[in-house]
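Please open the structure in a viewer and keep the selection panel at hand.

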Amino acid sequence: MKISGDEYVVRPGIPDDIAVLAAMNEGLHPYPGVGPWTRDLFERHPFVDFRDFVVAESRTERRIAASLVAINQQWTLGGTSVPAVQIELVGSDPRDRGHNLTGRMLDAVHQRCRTMGPALQLISGIPYFYRRFGYEYAVRPGDSIDVAAAVLQDHHCHSELDFFVRPAVSADAPALAGLDRSAVPADVLRCHRDETSWVYELSGRRKDSLPSVEVAVITDRLGAIAGYVVNSPRIGSDGALKVFAAECVNDDVWAGARAVMLRYLADAGAAAARRTGSQFTALRMLMPDGHQLMGMLPPVAVHRAEPWYARSGDLGALLKWCLPALAARWREHGWPRSVLVLDTYHEVIRLHFAAGRLHDIDVVARDALRSAADVVVPPGALLQLILGYATPSELLQIWPDMSVPEPTTLDFLAIGFPRLSASVWSVI
Ligand SMILES: CC(C)(COP(=O)(O)OP(=O)(O)OC[C@H]1O[C@@H](n2cnc3c(N)ncnc32)[C@H](O)[C@@H]1OP(=O)(O)O)[C@@H](O)C(=O)NCCC(=O)NCCS
């Protein structure tokens, strides 16, 4: 029986949904640990609870037909923190397909974001599908790079051991959060992990939950934490072990700790392979471009990263969140006029400068200032510009309806909006 669109009600999750959603998600998403992950999101996640699920229910059968979850996060853009939601576990019961339930559930998320603040919505997955709902590819993770297991064996033979490695424990959370604050390069787009997030990562999740990871800390001779490395506890069917993140407090530590990390990861890969009776073939580095852990290692394969979709219902607000980062990038490069005007075809966003320095951003009706625009930029291109998906010059090539009449304006934009490589290891 086909049910008409009106016969579905879209509502926030309730505590009683947990068992049905855990089972349903396990059936719809073919990865190990989806059921425990769903339960963690209901019960243990520090920034998510049942209300962050959106459920479509058939009125007549009182049965859950579809659901998704909007995971509350903070993302850092050039050192500025932006509230975001990452949408995960999107699924509909095969009996209920054909009713645009994903679109209706996403409408509910977007409505909530409008009233509650998250300026950015992020999602990864099915090619093209989320464009239907106003999303644009705008987050570019680094390509994932495979390093052969055999190369690692050679590599660590020559290492010096000034640093040590041990599994991380909850008590390490403050040091790890501090390390993230001080050491992560500003030109990386990433999900912010505070102390609470680290505690959750280290001891909060169910062990068999899909996003659970192994975290090891690198310590110096005095036992102080000088770095960390994060990998999947499982090996893929091709024998590759995924590495999600690695950081060190500074370049000197990287020089000594890289070999220690690689040896640890080689051992982790071999151990994960033994557990499944398979063979460890490679480390798969899922990290931003140019990551320090790669050093001079020769890649055996490079897999083009799948970009993430993003959306913002309020680009002016998103840009305003980025004001400190923009002001910092333009510190040495004053804008010669008091306003830089961006026309998005929907509204006009004004960047206000005093003595060349950016100090405010506001939005006005389009009619007022359209003719004075320094930059004409469709919303999708502006989102890509803000999230560093491509440089302004590259975007001009891609978007025929974008224009920057003055070459000096393009130079100025290039400084404010550099290309950013993203880390895909978010708090989910
Ligand atoms: C993806 C999914 C949630 C869509 O379900 P839905 O919201 O009920 O979608 P509908 O059946 O109403 O389809 C809406 C439109 O999207 C299209 N569509 C649906 N699934 C699609 C897919 N996997 N790829 C591309 N297009 C898809 C449909 O063809 C339809 O287009 P039309 O309106 O032009 O006919 C559902 O197929 C599903 O649960 N899949 C398994 C789990 C999954 O892959 N989740 C997404 C993880 S990112």
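Begin by selecting helix H1 (residues 18–28) and helix H2 (residues 34–43); H1 passes H2 in a right-handed crossing. In this predicted model, the two helices pack at an angle of about 145°, and their axes lie 8 Å apart. To view the contact itself, display the side chains of Ile18, Leu21, Ala22, Ala23, Asn25 and Glu26 in H1, which meet Val34, Gly35, Thr38, Arg39 and Phe42 in H2. Coloured by class, the contact of H1 with H2 shows six nonpolar, three polar and two charged residues.

Next, select strand E3 (residues 63–77) together with strand E4 (80–92). E3 and E4 pair in the antiparallel sense over 11 bridges. Threonine 76 of this pair stands opposite serine 81 in E4. Which residue takes a positive phi in the hairpin of E3 and E4? It is glycine 78, with a phi near 55°, in a hairpin that has two residues between the strands.

The following stop is the ligand. Of the 15 residues around the ligand, Gly91, Ser92, Arg97, Thr102 and Gly125 come nearest. Strand E4 and helix H3 (101–116) are the elements that give two or more residues to this shell. Which element gives the most to the shell? E4 does, with three residues. Sorted by class, the shell around the ligand holds six nonpolar, eight polar and one charged residues.

Now colour the chain by domain: domain 1 covers 5–138, domain 2 covers 144–306 and domain 3 covers 314–417. The centres of domain 1 and domain 3, taken over C-alpha atoms, are separated by 32 Å. Where these two domains touch, nine residues of domain 1 are in contact with 14 residues of domain 3. On the domain 1 side, E4 and strand E6 (136–139) each supply at least two residues. That side divides into five nonpolar, three polar and one charged residues.

Move on to the open sheet of seven strands, which has the order E8-E10-E11-E12-E13-E7-E14 and mixed pairing. Strand E8 (164–167) and strand E14 (301–303) stand at the edges with a single partner strand each, so one side of each has no neighbour in the sheet. On average, neighbouring strands of this sheet are turned by 30° against each other, direction ignored.

Within this sheet, select strand E11 (residues 225–235) and strand E12 (residues 240–248), which pair in the antiparallel sense over six bridges. Valine 230 stands opposite alanine 245 in E12.

Strand E17 (residues 348–354) and E18 pair in the antiparallel sense over seven bridges. To finish, display leucine 351, which stands opposite isoleucine 361 in E18.

Terms used: Residues numbered from 1 in each chain as written. Predicted model: local features only at pLDDT ≥ 70, side-chain atom pairs only at ≥ 80, totals over all residues. Near = placed C-beta within 6 Å. Helix = DSSP H or I, 4+ residues; strand = E, 2+ residues; numbered from the N terminus. Nonpolar A, V, L, I, M, F, W, Y, C, P; charged D, E, K, R; others polar. Domains from an automatic or database assignment. Contact = placed C-beta atoms within 7 Å. Pairing = 2+ DSSP bridges. Axes fitted to C-alpha atoms, helices over the stretch in contact; angles between N-to-C directions. Left-handed = near helix turned anticlockwise from the far one by under 90°.
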